[in-house]
Amino acid sequence: MKHPGRLFVPSLPTLWPGMLLSRPKPGALPPFSSPNVRYFYFARNAVWLTVKMLGLDQGEVLMPAYHHGVEVEALVDAGATPRFYRVGNHWDVDLEDVARRIGPKTKALYLTHYAGFPGPAAQMRELADEHGLVLIEDCALSLLSSDGSVPLGTTGDVGIFCLYKTLPVPNGGALVINGPRQYSLPEPPAPPSASTFSHTASALLQNLELRGGPLGRSLRGLIRALGHGTVKAASIERVATGTQHFDRKHVDLGMSPLTKRIALAQDLESIVDKRRRNYFYLLGRLRDVVPPLFNQLPPGSCPLFYPLVVQEKAEVLARLRARGVDAIDFWKRFHPACDAAAFPEVAQLRRSVVEIPCHQDLSPEVMADVALVVRDAVKADRRTRKRAG
């Protein structure tokens, strides 16, 4: 059996140099197709603005117990109070629990679509309308996904998106306002150009390593070392993406023009097709060693990653990273406002789900190597536990 050596499989898609010169294409999916949209540096900025714009401060917002935490921080900072509802061990929203928790102070329902898999937007819409509530659709992990023919983010009063998790852009979040009511929202200022350049250069270097093999890895290491020294000497403020906490000083920061240019030049349909292809490959190659969280990929879904369910998360992550697969520990912590003991299914999810990359940069040949590495990591973990037991 073939055992791949040291790979380089980044968790996010990389930036091809030609993308900087590509012509814009018409966007057929939100937020690019939406008539009423505002772009931000972070999706969390859109959460904060939604609370202020829709008058949700001083009220309660029902949110899923399975959350990242930064969206909860943004909501709290804006003045709203989070209350949490049950999510099952297959990312399924307990609609009866949502209905039970709606009270006199509830102003909005918050629905998260996890990793490209659609949540029950239509049913949540019915609940919201029945009680006169706002529905917020969090699509930060589900850009380009649809529930069948219905694009995610178009059922709620607002849809919130993150661009840089799915597309090779340096920053970017979006707030889409649905329905006939128009809101006068100022265009936020662009971020520091030096910060945007730093993120763009990093994505280009990752592409160099992905395409260039050992030589590309060496060149990337050399250029990164030189670049870090230059950034430090020039005192460049790099506004990091993918951070764990909300920072009020960045709430008014907009998306860079370069991000918009790169995003609009993407072939969105091709991205969806490639991600689905890679997901299906992993599903077929891994389901016999690890029962999948989902046995199928719903029509229209654009998977952000393959959710691998393991018992010893830290050990499996270490093995994957040692072999060059940049797997991610998915959402391991509760926000302090949420009582972890009240949601045992979510606590188990936080202990067990690992992100395996399946993005559009990864060819079928690379996915074959990824599958072998994952299988080896899971089998090694089982042998270790068997000896310990």
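Me: Which residues of helix 4 are buried, and what makes them count as buried?
Reply: In this predicted model, helix 4 covers residues 121-131, and A121, M124, R125, L127 and A128 are buried there. Buried means under 20% relative accessible area, so each of these five residues falls below that cut-off.

Me: Why are the buried residues said to line one face of helix 4?
Reply: When the helix is seen down its axis, the buried residues of helix 4 fall within an arc of 165 degrees, and therefore they line one face. The face turned away from this buried side carries E126 and E130, which are exposed, a word that requires over 50% relative accessible area.

Me: What do the buried residues of helix 4 pack against?
Reply: Their partners are strand 3 (81-85), helix 3 (95-101), strand 4 (106-112) and strand 5 (134-139). After helix 4 comes G132, with a positive phi near 65 degrees.

Me: How is the lining of the second largest pocket divided by class?
Reply: The lining has six nonpolar, six polar and six charged residues. Of the 18 lining residues, W16, M19, Q266, K274 and Q360 lie nearest the centre of the pocket, and helix 7 (residues 268-286) gives the largest share, four residues.

Conventions. Residues are numbered from 1 along each chain as its sequence is written. This is a predicted model: local features need pLDDT of at least 70, side-chain atom pairs count only at pLDDT 80 or more; totals for chains, interfaces and linings use all residues. Side-chain values use heavy atoms; hydrogens and water are left out. Buried means under 20% relative accessible area, exposed over 50%, partly exposed in between (1.4 Å probe, protein chains only). Helices (H or I, at least four residues) and strands (E, at least two) are DSSP runs, numbered from the N terminus. The arc is that of the directions from the helix axis to the C-beta atoms. Contact means heavy atoms within 4.5 Å. On a 1 Å grid over the protein atoms alone, a cavity is a set of points where a 1.4 Å probe fits but cannot get out, and a pocket is an open set with protein on both sides within 12 Å along at least five of seven lines; lining residues have an atom within 4 Å of a point. Ala, Val, Leu, Ile, Met, Phe, Trp, Tyr, Cys and Pro count as nonpolar, Asp, Glu, Lys and Arg as charged, and the others, Gly among them, as polar.
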